[in-house]
Amino acid sequence: MAGVVTLIKEDHQRLESVFKKLEAQQGDVTALLQQVAELLVPHAKAEEQVVYPAIKAIIPDESQDVEDGLAEHQHVEETLQQLLAMDPDAPGADGLLAAMIGEVRHHVEEEEQDILPAFAEAATNQQLGELGRQFTEAKEAALAEWRAGAKGSGPS
């Protein structure tokens, strides 16, 4: 099992590749947004449940950055929900999409430049490996929950 820092960075790369397709308008915007949701939402939930508490415990000085990350997750998820609910050609949709992508990229940069390197240095390899396992399990559970909720949100 890869360490949690590696797994997080791999998720970031997968997300960036979908963002590039969205920006280049390669494919169905709605389907690409659904891909973003299925990558982003479980990733964020797993970070919130597993990674962020570990960072706060191991590096208390990073607590404010972790709190900022939580707020960013919440805002991005709300924006994503808005985008999924609207017609991709609706006025303002492209601006909302650009804003969400920009916010996620800013968040990723902060994590990869500041928080994750400090965490990788402070935690043991054993801790990082165990957190990787927990992160993967939390992501799988969150994805199943997301998919169940997405199916259940249609007309009843």
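This is a predicted model: local features need pLDDT of at least 70, side-chain atom pairs count only at pLDDT 80 or more; totals for chains, interfaces and linings use all residues.
Residues are numbered from 1 along each chain as its sequence is written, and side-chain values use heavy atoms, with hydrogens and water left out.

The secondary structure of the chain consists of 5 helices and 0 strands, and the pattern along the sequence reads α-α-α-α-α. The radius of gyration is 16 Å, close to the 15 Å that the globule rule gives for 156 residues, so the chain is as compact as a globular protein of that length. Helices here are DSSP runs of H or I with at least four residues, strands are runs of E with at least two, and both are numbered from the N terminus. The radius of gyration is taken over C-alpha atoms, and the globule rule is 2.2 Å times the number of residues to the power 0.38. Along its principal axes, the C-alpha trace spans about 50 × 30 × 25 Å.

Of the 156 residues, 36% count as buried; buried means under 20% relative accessible area, exposed means over 50%, and partly exposed lies in between, with a 1.4 Å probe and protein chains only. The chain exposes about 8500 Å², of which carbon and sulfur atoms supply 50%. These areas come from the Shrake-Rupley method with a 1.4 Å probe, and for residues only the protein chains shown count as cover. Contact means heavy atoms within 4.5 Å. Among contacts between residues at least 6 apart in sequence, 76% join residues at least 24 apart.

The empty spaces come next. Rolling a probe the size of a water molecule over the atoms shows where empty space is left. On a 1 Å grid over the protein atoms alone, a cavity is a set of points where a 1.4 Å probe fits but cannot get out, and a pocket is an open set with protein on both sides within 12 Å along at least five of seven lines; lining residues have an atom within 4 Å of a point. Grid points are joined across faces, edges and corners, and a volume is the space filled by probe spheres set on the points.

The largest pocket holds about 280 Å³ of space. It is lined by 15 residues, and those closest to its centre are Q25, V29, P88, D94 and L97. Two or more lining residues come from each of α1 (4-23), α2 (29-58) and α4 (93-122), with α4 giving the most, 5 residues. By class, the lining has 10 nonpolar, 1 polar and 4 charged residues. In this classification Ala, Val, Leu, Ile, Met, Phe, Trp, Tyr, Cys and Pro are nonpolar, Asp, Glu, Lys and Arg are charged, and the others, Gly among them, are polar.

Q25, one of the residues closest to the pocket centre, lies in the loop between α1 and α2. Q25 counts as exposed because its relative accessibility is 66%. Although Q25 is not a glycine, it has a positive phi of about 55°.

The structure also holds 2 cavities of 30 Å³ or more. The largest cavity contains about 100 Å³ of space, and its lining is formed by H12, L15, L40, H43, A44, E47, E72, H73, V76, V104, H107 and V108. Helices α1, α2, α3 and α4 each give two or more residues to this lining, and α2 gives the most, with 4 residues. The lining divides into 6 nonpolar, 4 polar and 2 charged residues.

The second largest cavity has about 30 Å³ of space and is lined by L40, V41, A44, H73, V76 and E77. Both α2 and α3 supply at least two residues of its lining, which comprises 4 nonpolar, 1 polar and 1 charged residues.

H73 belongs to helix α3 (residues 63-85) and counts as buried because its relative accessibility is 8%. Leaving aside neighbours within four places in sequence, H73 is in contact with A44, E47, E48, Y52, H107 and E111. The C-alpha atoms of H73 and E48 are separated by 8.8 Å, although these residues are 25 apart along the chain.

A further buried residue is D11, with a relative accessible area of 6%; D11 is found in helix α1. Not counting residues up to four places away in sequence, D11 touches H43, F135 and K139.
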